[in-house]
Amino acid sequence: SDQTSRDVICVIFALFNVVWTTLFLEGWKRQSAELAYRWGTLDRPAELIEEPRSQFRGVKRVSPVTGCEDFYYSPWKRRLFQYFVSLPVCLFGLCVVFLSMLICFELQEFVTSIKELPR
């Protein structure tokens, strides 16, 4: 009986979440459409609204997808940054965590080896 009441409560909670999520998302879409209409951006594509970031560095070229001129940053430069900056930082962090774990194990071993402490 107790398990059955918990199961029923879980089902009711799941249904409540489904209804709430649906209503929230539909309300969000409506709010978004109202703001887009008010700001005059309802029929404009997103790439016309967004300005390119001023910090972005790249070479100007014609995009093979859109045919418009845009900035291009080669993937090998992005991977170079990833390998020579991100990877060493992650490895350093992993080494710090591993060493702190070893120190905790040694400290635990030291504390358990002391016989004078009352238990």
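Hello everyone, and thanks for coming. Before we look around, a word on the source: this is a predicted model, where local features need pLDDT of at least 70 and side-chain atom pairs count only at pLDDT 80 or more, while totals for chains, interfaces and linings use all residues. Residues are numbered from 1 along each chain as its sequence is written, and side-chain values use heavy atoms, with hydrogens and water left out.

Let's start with the overall layout. The protein has three helices and two strands. Here helices (H or I, at least four residues) and strands (E, at least two) are DSSP runs, numbered from the N terminus. Reading from that end, the order of elements is α-α-β-β-α.

How much of the protein is buried? Of its 119 residues, 3% are buried. Buried means under 20% relative accessible area, exposed means over 50%, and partly exposed lies in between, with a 1.4 Å probe and protein chains only. The accessible surface is about 11600 Å², and carbon and sulfur atoms account for 67% of that. Those areas come from the Shrake-Rupley method with a 1.4 Å probe, and for residues only the protein chains shown count as cover.

Now please find helix α1, which covers residues 2-39. The expected span of a helix is 1.5 Å times one less than its number of residues.

The structure holds two aromatic pairs. In one of them, W20 and F24 are stacked, at 5.4 Å centre to centre and with 15 degrees between the planes. The rule is that rings of Phe, Tyr and Trp (its six-membered ring) pair if their centres lie within 6.5 Å; planes under 30 degrees apart count as stacked, over 60 as edge-to-face and the rest as tilted. W20 and F24 sit four residues apart in α1, about one turn of the helix.

Next, charges. Side chains of opposite charge can pair when their charged atoms come close. A salt bridge here is a side-chain nitrogen of Lys or Arg within 4 Å of a carboxyl oxygen of Asp or Glu, and the count comes to four. One of them joins R6 and D2, whose closest N and O atoms are 2.7 Å apart. Because R6 and D2 are four residues apart in α1, about one helical turn separates them. Both are partly exposed, R6 at 47% and D2 at 48%.

Further along, E26 and K29 make another salt bridge, with closest N and O atoms 3.1 Å apart. They lie three residues apart in α1, again about one helical turn. E26 is partly exposed at 44%, whereas K29 counts as exposed at 51%.

Let's move on to the strands. β1 (residues 59-62) and β2 (residues 69-72) run antiparallel and are joined by four bridges. Two strands pair if DSSP finds at least two bridges between them. Which residues of β2 are the bridge partners of R61 and V62? R61 is partnered by D70, and V62 by E69. E69 also forms a salt bridge with K60, at 3.5 Å between the closest N and O atoms, and E69 is exposed at 53%. Six residues lie between the strands of this hairpin, where G67 has a positive phi near 80 degrees.

Last stop: helix α3, residues 75-113, where we find V85. V85 is partly exposed at 38%, and it is one of the residues of a nonpolar surface patch of about 1100 Å². Other members include W76, F81, Y83 and F84. Patches are made of residues with over 30% relative accessible area and no salt bridge: like charges are joined within 9 Å, nonpolar side chains (Val, Leu, Ile, Met, Phe, Trp, Tyr) within 5 Å.
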